[in-house]
Amino acid sequence: MFGLPLSALPLGFTTPALLAALLLLPALWVLLRVVPPRPRDISFPPTRLLFGLSPREETSSRSPWWLTALRLLLAALLVLAAAGPIWNPPPAGTKASGPLVLVVDQGWAAAAQWQARMSAAHALVDSAEQQGRGIALLPTGDVPRDTTLLTPAATRDRLRSLAPLPYAPPRQEALTRAADILAATPEASLVFLSDGVDAATDATPSSALAVLKDERAQVISGGLPTPLALAAPHNATDALTVKVLRPLGAASLPRNGKVEAKDRRGLLLGEAPFSLGEGVTGTEARFTLPVEMRNDITRLEIAGERSAGAVQLLDRNARRRTVGVISGTSTDRGQPLLAPTYYITRALAPYADLRVAETGSATDNINRFLDERLPILILTDVGTIPEATRARLQHFVEQGGVLVRFSGPRLANTRDDLLPVRLRHGGRVLGGSLSWEEPQKLGALPAEGPFHELHVPGDVTVRRQVLAEPDGTLRERTWATLADGTPLVTGRRIGKGALVLFHVTADASWSSLPLSGTFVDMLRKIITLADTPPAAPPESPDAAQNTQNAPAAPPLAPRQVLDGFGAFTTPGPLARAIPADFRGEASAHHPPGFYGPPESLVAVNTLGPDAQPVLLDFTALGARVEAVESGTPQDLRGPVLLAIMLLVLLDSLAVLWLTGGLSRRGGRNVAALFLAGLLVAGNATLWPAAPAHAQQLPATDTTSTKPATEANAFATQATSQTRFAYVRTGDAAVDDISRQGLDALGSFLRQRTAIMPGDSMGVDLERDELAFFPLIYWPISPDAPPPSPQALARLDAYMKQGGTVVFDTRDAIEGADQPGMPLTPARARLREILSSLDIPALTPIPRDHVLTKAFYLLRDFPGRFTGGTTWVEALPETLEEAEDRPARAGDGVSPIIITSNDLAGAWAVGEDGVPLLPLTPGAPRQREMAFRAGANMAMYVLTGNYKADQVHVPSLLKRLGQ
């Protein structure tokens, strides 16, 4: 034993140099012999003291030998603990004199316990070094082309460079090469360090495993926790699910865990527990998060399982589907609630990505969406479709796309064969020919369609529909019917895709179906029919015959890939681009990760949706199998530290006994408490504590409390009453006029209207909250410093959220509105400000604008001056109004009003009620009209467009049937 090298000994040390401290033990022998003498009890009376005197002086100079030996043993154990003792079990492998052929699995299944496997491999190398054997190292992921034997030192270096791969490399080449070495060298032996897992879709051939039957071969596998894997994530309508798998044939002991969901930045979005019962090899982890959060998930991984197989990456296609919506009706921006696309987008927005074609012809939009390869298209009342576009749509459905069509006047009066059933010319209308006396309710949901699980509502009625021609296939293609049996929804599968027709419109003009929850459920069921995104459709029937000549989509380069442990890393030299339609599992040239541009990443995973790992049964093959953990080094510091604690306890008790401490009252209690403390410390030593995590404390405001107090006071004052605000320009004179003018306008409103505004308030665009005020007056001062981009962004958000800003350049007296006049400094500053704001198109106030009749009937809006023009948001251009839609699109509140008439200057009065500034030209009623203009603006921003609606009340009542 002592002739062997230190590395061959079963007992090793992490810091063997500290063992030199054992040479100091003899010196401790002398130091530990001295112990204080035991105190004696002597009676106080002098006579008794005289009788007890001894002529000879006695002093104890040596401690008991057993106490000294105890302390020497304690010191030796302290030295051993500091040196880090490690027990190295005898390595596995056969006793042979020839070369050792070591085959090491590098698949993803070995990653979770990679350190234990490498320790077993190093133990095999140490054993081969003791026996003077050469080593042929054959990793399954990188089999060397030659079979040159390596020295133990070179083998250790090669083992340190190995790492698990994020896929399952084939074992055939490594095992075949090992069989050739065994056949050429009879004295050689084989050790296969295997992860024991095979993919059912790419199982290792039995011919390659036949070499393990050789009596010179041994398999090291098992003895470690079974690797777990993830596969087949599915983002359903109610939850995101992912399969948790363990190899078939693995130990059937129950196992619990959790799957974590993370976003692109690695932030944890949710956790889903899973439980694998006894004998169960697969289960599901379910994330019932809101759909908005589920759509942000890009990575699923099993907590604590460091393996690429325990990770599933999600790209855009896997998270949710994209739906293109095309309307054949004219766009009416003024009344979006009447648009058919409104109901579709509201129904599908939480469950799919929507792309609504707002402009352009229906044909152009169809071709554009087909070019973008959307999996689902919805056409609302699209009638005539050109032949070439119809051919592309036909190919789109055959290749897996879903085409949903809604009826309408255009579809009812055209001939179209791109439908699931043949239609009759015209429609079925309430009160007309081929009609019913009463609106029909929804009837049955046949089992042949996807809606059979839905509840049939009793409040859905249909007033008009397009009828299907009866034939032999009508029944099997009917997915929903009315109470009289006529089809309401029909559909059929064409190739890999589906073609669906709603026999009513997508809006509420023909039926109340779009207003019900059943409409949402139907659309959700339909979008699940979509298969994977279809291939690029041909441009025409002739192009369909020449698809081989069409240019292929560009390949997608690797952007971020996984290593064997499931961590993101940069692509290696072997990583290659994948085709745009790649659907396979990871490999050496296509490692798992994200491919393509950042806006449309494609995910490649270690395991595909249908993968099922299988545990290799080496015993059935006739191979000798040994567990991996049997050769794993074991750290002995824990037991040594426990022995030290026990010896410290014994030493303390011995000292108490020698000094008589145990005989005194309370000595036993002290010993018991001391023993309990040591036991607690020993338990903490043997059982390491769970890793501590820093508590996420809420962020504290490091600024002083004064700004927060001022902000609270500002909010309290602004919300206590309805108040108008003005922008503080920094010019005291201008700010005073703005404040006094708005205060005077408030007094005028309290006297003449039902508005009871409070005193005005000045706001700082840089830091004050603007949402408290319905109207903000901004006098443009050329000398004031320009606002920062942050301030303008806050102002832009205020206007988009319903606020109104009145910009007043106060330069009408200079003739700035006259044609050919140069820009005044105030107007130049206003143009600079507006260039940074997202403002709508502006127009001078029309004669019939709501501002002209919100409270007073006005023709213009004077202030101190009368020559300026007042600008507001331009009304959208309206189409010619049809007879059935007499109500014109109402004009909303303009977020911006621009004037140059100096409104605040005309309103401002002093404390005595005397106007502060003169008027130009100073007409008798100019100031009164300025106040009336301010009253109309206040009423306009507070009440909106109610005045515009009043003239249409008769038409509205007629439309409502009242």
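Guide: A residue is called buried when its relative accessible area is under 20%, exposed when that value is over 50%, and partly exposed in between, with a 1.4 Å probe and only the protein chains counted. By this rule, 45% of the 962 residues in the protein are buried. The model is predicted: local features need pLDDT of at least 70, side-chain atom pairs count only at pLDDT 80 or more, and totals for chains, interfaces and linings use all residues. Residues are numbered from 1 along each chain as its sequence is written, and side-chain values use heavy atoms, leaving out hydrogens and water.

The wider setting comes first. Helices (H or I, at least four residues) and strands (E, at least two) are DSSP runs numbered from the N terminus; the protein has 25 helices and 39 strands. A contact means heavy atoms within 4.5 Å. Among contacts between residues at least 6 apart in sequence, 74% join residues at least 24 apart.

We now turn to the charged pairs. Side chains of opposite charge can pair when their charged atoms come close. Here a salt bridge is a side-chain nitrogen of Lys or Arg within 4 Å of a carboxyl oxygen of Asp or Glu, and the structure holds 32 of them.

Consider Arg 255 and Glu 305, whose side chains meet in a salt bridge at 3.5 Å, N to O. Arg 255 belongs to strand 10 (residues 255-262), whereas Glu 305 sits in the loop between strand 13 (299-302) and strand 14 (311-313), so this pair ties together parts that are 50 residues apart in sequence. Arg 255 counts as partly exposed, at 23% relative accessibility, while Glu 305 is buried, at 11%.

Strand 10 and strand 13 are also joined by a second pair. The side chains of Glu 301 and Lys 262 form a salt bridge at 2.6 Å, N to O. Glu 301 lies in strand 13 and Lys 262 in strand 10, so that distant parts of the chain, 39 residues apart, are linked. Both partners are buried: Glu 301 has a relative accessible area of 13%, and Lys 262 has one of 18%.

Glu 301 has a further partner. Its side chain meets that of Arg 299 in a salt bridge at 2.9 Å, N to O. Arg 299 is buried as well, with a relative accessible area of 11%. Elsewhere, Asp 105, Arg 171, Asp 195 and Asp 198 are linked in a network of salt bridges.

Accessible areas come from the Shrake-Rupley method with a 1.4 Å probe, and for residues only the protein chains shown count as cover. The protein exposes about 49300 Å², of which carbon and sulfur atoms supply 55%. Patches are made of residues with over 30% relative accessible area and no salt bridge; like charges are joined within 9 Å, and nonpolar side chains (Val, Leu, Ile, Met, Phe, Trp, Tyr) within 5 Å. Trp 65, Trp 66 and Trp 657 form a nonpolar patch with about 430 Å² of accessible area together. Trp 65 is placed in helix 3 (residues 65-83) and is exposed, with a relative accessible area of 61%.

Helix packing is described in other terms. Axes are lines fitted to C-alpha atoms, for helices over the stretch in contact, and angles run from 0 to 180 degrees between N-to-C directions. The axes of helix 11 (residues 362-371) and helix 12 (residues 387-398) come within 10 Å and cross at roughly 35°. The contact involves Thr 363, Ile 366, Asn 367, Leu 370 and Asp 371 of helix 11, and Thr 389, Arg 392, Leu 393 and Phe 396 of helix 12.

Arg 373 is found in the loop between helix 11 and strand 17 (376-380). Although Arg 373 is not a glycine, its phi is positive, about 60°. At 34% relative accessibility, Arg 373 counts as partly exposed.

Finally, the peptide bond from Thr 920 to Pro 921 is cis, with omega near 5°. Pro 921 lies in the loop between helix 22 (903-907) and helix 23 (926-943). Helix 23 also holds Glu 928, which is partly exposed at 21% relative accessible area. Leaving aside neighbours within four places in sequence, Glu 928 is in contact with Phe 748 and Arg 752.
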